[in-house]
Structure formats: structure tokens, C-alpha cells
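Subject: Structure handover

Hello,

Here is the structure I promised to send over. Please open it alongside this note, and my findings follow below.

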Amino acid sequence: MRTILVVDDKANVRTLLKDYLTEAGFRVLTASNGRDALFMARHEKPHLILLDIMMPEMDGYEFIRVYRKEQDTPIILLTARLEETDKVLGLELGADDYVTKPFGMRELVARIRAVLRRVGTQPTSDILHVADIMLDKGARQVTVDNEMVDLTPSEFDLLAALMDNAGRVLSRAELLEAVQGVAFAAMERSINVHISNLRAKIEPDPSNPRYIETVFGVGYRFCTAPPTLALSQRERERE
């Protein structure tokens, strides 16, 4: 049985989610703020965290900042904030997905299962080695030039999809489906945020990427060899 940690300052939301997710077959833990959630996550080791953003004592953003230094447990944000910058900030900090309140329970459960499926069903012996990067799907580990790199679950699956298709251009929709299990057209632009985060961790110079190439108007491609020419200043600005 998979364990879900629900973090929300509203008691009625916690109760509703706990009852529904329990009926859906999950073990559900709850916390009313980020500080209590940190304590519970460290001791209970949940498989996934549903995290509200606006909470007292420690909000969702601060929780992610602290917890991402310790664990790569998948995090889905529960947010009533509609500003794109708020959602982008959550993704930049390491969240894997977000659901805007009010949300449908069936959609929420579908997203939870999609995230858990992609995190928990990787082959145990599938190793990808392209250029200076080695990715072990079974161990969910990545090394760049023999140095271990810590990636979030979304970043790992995004890199795996790109390396699986090295040399081929993947659209944002294709990458979003690989990362989230289901293609949500309105969220395709969130792939840009994940790509930026991924480049910051694996590229020697993220402003002049050698591994993940932007194909403007189409998507992204993983280069099988370092490019011979750097991107022009105009191309970098457009990116």
C-alpha cells in the first residue's frame, strides 16, 4: 500500500482528501503545516506528498526548499493561486506537478497514480550511457563525467526520455507525457522549467548547453556528441 502525505492548513480539506484517497487504496497521513510535514515525512517516508502552498509556520515553498535537500519524494502542489509565476516557482524548487483548487478528485487520483507509476516501475537493469552522462533507471541514479548528480523524479524521467531518444527531437507534449504519464496541453510550457532546472545540474555551462539542445518551435533534443559551435548570443536570448 502506497503512503500519501497530505499537507494543508484547512482541516476540511485534509479530511476530504484522506477519506477519498483511503477509499482509493492509499494509506494517508496528514499535517497542517510545513514544519509538522517535515517531521512526518522524515519519519514515515511517504511515497508521495500532496502539498498546499499557503500555510502558517512554514509554507509549501519553504517545505520544498528544505525537503529537496534530503529526499526526492514526488511532490504535487495543491494551489489556489492562479498566477503562472507561483506555479513556475514551485516547479523550479522541485515540485513534480500541481493541481489548482478547486480540483476534481478523479483527476487528482489519476495524477497521483501516474506519478507513482513512472517513479516505481522502472526496469532494474536498464542503463543509458550517452556522451559523458550515465543514467541507471533501476537505481534511479545519474552521473555526469563520473560525478553523481541529484535529480528530482520529474528531472530524472525527463532526462531518461531524452536519452532514450538521443538525437531525436521530442516535442513538449511528448516530454510532458513521459514526465507526468498523461499529456495536459495547458501545462506543456512547464517542460521549459524542468529543462532549465535539468540543465543547471548537468550542463558545464547551462547558458550554452552541450547536452540538451533547444529546437525552436518544436521541442528539445539530447545531443549524442558535444556541438562544435556554441549557440549564438541571439539564440541564447531567445531560449
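Which backbone nitrogen does a side-chain oxygen of Asn33 reach at the start of α2? The nitrogen belongs to Arg35, and the oxygen comes to within 3.0 Å of it. Keep in mind that this is a predicted model.

**Helix α2**

Stay with α2, which spans residues 34-44. Gly34, Ala37, Leu38 and Ala41 are buried there. An α-helix has 3.6 residues a turn, so residues three or four places apart point the same way.

What do the buried residues of α2 pack against? Their partners are the strands β1 (3-7), β2 (27-31) and β3 (48-52), plus helix α3 (60-67). The face turned away from the buried side carries Phe39 and His43, both exposed.

**Backbone points to check**

Lys45 is not a glycine, yet its phi is positive, at about 50°. Its relative accessible area is 48%, which makes Lys45 partly exposed.

Asn146 also has a positive phi without being a glycine; the value is near 70°. Look for Asn146 in the loop between β8 (141-144) and β9 (147-149). Asn146 is exposed, at 72% relative accessibility.

Where is there a cis peptide bond? It joins Lys101 and Pro102, with omega at about -5°. Pro102 lies in the loop between β5 (97-100) and α5 (105-120).

**A three-stranded sheet**

Further along is an open sheet of three strands, in the order β10-β12-β11, with antiparallel pairing. Its edge strands are β10 (169-171) and β11 (212-215), each pairing on one side only. On average, neighbouring strands are turned by 35° against each other, direction ignored.

β10 pairs with β12 (residues 219-222) over three bridges. In that pair, Val169 stands opposite Arg221 of β12.

Two helices go with this sheet. α6 (residues 153-164) lies across β10, β11 and β12, and runs at about 70° to β12. α8 (residues 190-202) packs on the sheet and touches β11 and β12. The direction of α8 makes about 150° with that of β11.

Best wishes

Methods:
Residues numbered from 1 in each chain as written. Predicted model: local features only at pLDDT ≥ 70, side-chain atom pairs only at ≥ 80, totals over all residues. Heavy atoms only, no water. Buried < 20%, exposed > 50% of the residue type's maximum accessible area, 1.4 Å probe, protein only. Helix = DSSP H or I, 4+ residues; strand = E, 2+ residues; numbered from the N terminus. Contact = heavy atoms within 4.5 Å. Polar contact = N/O pair within 3.5 Å; in protein donor to acceptor, adjacent residues only side chain to side chain. Pairing = 2+ DSSP bridges. Axes fitted to C-alpha atoms, helices over the stretch in contact; angles between N-to-C directions.
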